[in-house]
Each structure stands twice: as structure tokens, then as C-alpha cells.
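Okay, everyone, thanks for coming. I'd like to talk through some charge pairs today, so let me put the sequence and the model up.

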Amino acid sequence: EGAKESDESDESDEQQRQQRQKRNKRNKTRRATEELLGNKQQQHSTGKDTMANASGLAQEEIERLIFFEAAKEQAKLEVKKNPRDVQALIRWGGALLELAHLKQGTEAIQCIEEAIEKIEEALKIDPRKHEALWCLGNAYTSQGFLHASVDRAQDYFDRASDCFKKAVKEDPRNEVYKKALEMNARAPQLHAQIQKQLQAQQEQSMAEQKLVSSENSDYLYDVAGWFILIGLGIGLAVMTKASAPAPAP
């Protein structure tokens, strides 16, 4: 009987030892996981900070850049599967317009030109797609502000006006389209004011002409970006609902 109790005691000790080992193993695994996750989070944060420093963008703009880059790539995949997917083409063009606002110089211009290309593809498939007409109008307005020539800028403003009018015709209750048309009507006057300011800056010092030219380019794009934000103020989310009419206010 004493031997039996001894055996039971040994079994109990062995069970406790095994349980302690399991607990220790779980604790080690948890600590390792927490450490790994902590390192990854730190690396992710450091990566974003590095990107922000390199591009000169604020943290919020970095987040938007990442989001719209992903949206663009997703739309590209959808178009690859179905080249006649009008909604995917609109999302592609809309993402490019948003990205243009986050870029400068030739990169911004390239984004706008690519956006126009994709939106026009959508309109070839469905000429009455009012979301595409609205996006194309925004792109044309933005392009107008990127040109110093009054005649060339006006040509783009006229194209934009035509797009906005068609969008309003297709969806008369959409206040976003009406607002875009209203703002575009004031674009030539704003363009003239900007050009006057730029000319005054250039005349201040010929020695700083190169620097002023660079600043002028950025300033022009800031204005173009402002127009993009007016048109796209409700964001890419609107485009995901393009199959339904925009709600009245």
C-alpha cells in the first residue's frame, strides 16, 4: 500500500512538472510573439517616417498615398480580368487623380494624363456614365491650371465645363456635379489671378528665376489639387457606388 501511494505521488509530481513545462513553453512563445510584433510595428512606423521624410509628405498624406496606390492596383487587376468593366476603369482614373494631388511636377502631370486615358476608356464603353463624366471634368480642370498659356488653359476649362454639363444632364439632382460646374466657371478668373502673381514673383529677382520657377510649378499644382479636392471631396468611396444614382442632399 505504501508503494502504491509512492507511485501515485510520483505520477502527481510528474504531471505537475509537465504542466509547468507547458506553461513555460506557452509563456516563451507569447513573449517571442509579442517581441516580434513589437519589432514589426516599429519597423512599419520607421518605414512610414522614412517615406514621409523622403517625399516631404505629412503622415496623413502618406496614408492616403498608400490607400490610393492600393486602390489603383486593385482596379488594374479588375480591368485585366474584364477590360470592359466601366466601374473599375472609373476607380482607376479616380485613384490616379487623387495620387496626382499627392505628387509634384512631371509625376503629377503623368497621373492626370493617365487618369484621363482610363476615364475616356470608360466613356467609350458607356458614354452616358455620369460618374466618368464628372471625373473627366475634374481632370481637365486640373490640367488647365498646369498651363501658363491662357488659351491652352481655357481649352481645358471648356472641356471640363462640357463634361460637367453632361454629368448634370444625366443626374440633375446631383449637387456635387452642380458645384463642380459652378467652380469650373470661376476657373479662368482664378487662373488669371495666379498668372499675375507668378509674373510679379518672377520680376522680383532674375537671380532667383530658377527657384521661383520651381516654386511656381508647385504653386500651380497646389491650385490644381484644390480643384481636384472640390470635385473628389466625397472620395473614392462614391465611385464604388457608381451603379446607383448619387443621393440628393
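Before I start, one cut-off: I'll call a residue buried when its relative accessible area is under 20%, exposed when that area is over 50%, and partly exposed in between. And keep in mind that this is a predicted model.

How many does the structure hold? There are 14 of them. I'll take a few one by one.

Let's begin in helix α4, which covers residues 105–125. Lys118 and Glu121 both sit there, 3 residues apart, so that's about one turn of the helix. Their side chains meet in a salt bridge, at 3.6 Å from N to O. Now, buried or exposed, what would you call Lys118? Its relative accessible area is 13%, and since that is under 20%, Lys118 counts as buried. Glu121, its partner in the salt bridge, comes out at 29% relative accessibility, so we call Glu121 partly exposed.

Next, helix α6, residues 150–170. Here the pair is Asp162 and Lys166, with 3.4 Å from N to O in their salt bridge. They are 4 residues apart in the helix, which means about one helical turn separates them. On the accessibility side, Asp162 is partly exposed at 38%, and Lys166 is partly exposed too, at 41%.

Glu182 has 41% relative accessibility, so Glu182 is partly exposed. Arg186 has a relative accessible area of 43%, so Arg186 lands in the partly exposed class as well.

Last stop, Lys129. Where is Lys129 found? You'll see it in the loop between α4 and α5, with α5 running over 130–145. Lys129 has a relative accessible area of 17%, so Lys129 is buried.

Okay, that's my tour. Over to you for questions.

Definitions and conventions
Residues numbered from 1 in each chain as written. Predicted model: local features only at pLDDT ≥ 70, side-chain atom pairs only at ≥ 80, totals over all residues. Heavy atoms only, no water. Salt bridge = Lys/Arg side-chain N within 4 Å of Asp/Glu carboxyl O. Helix = DSSP H or I, 4+ residues; strand = E, 2+ residues; numbered from the N terminus. Buried < 20%, exposed > 50% of the residue type's maximum accessible area, 1.4 Å probe, protein only.
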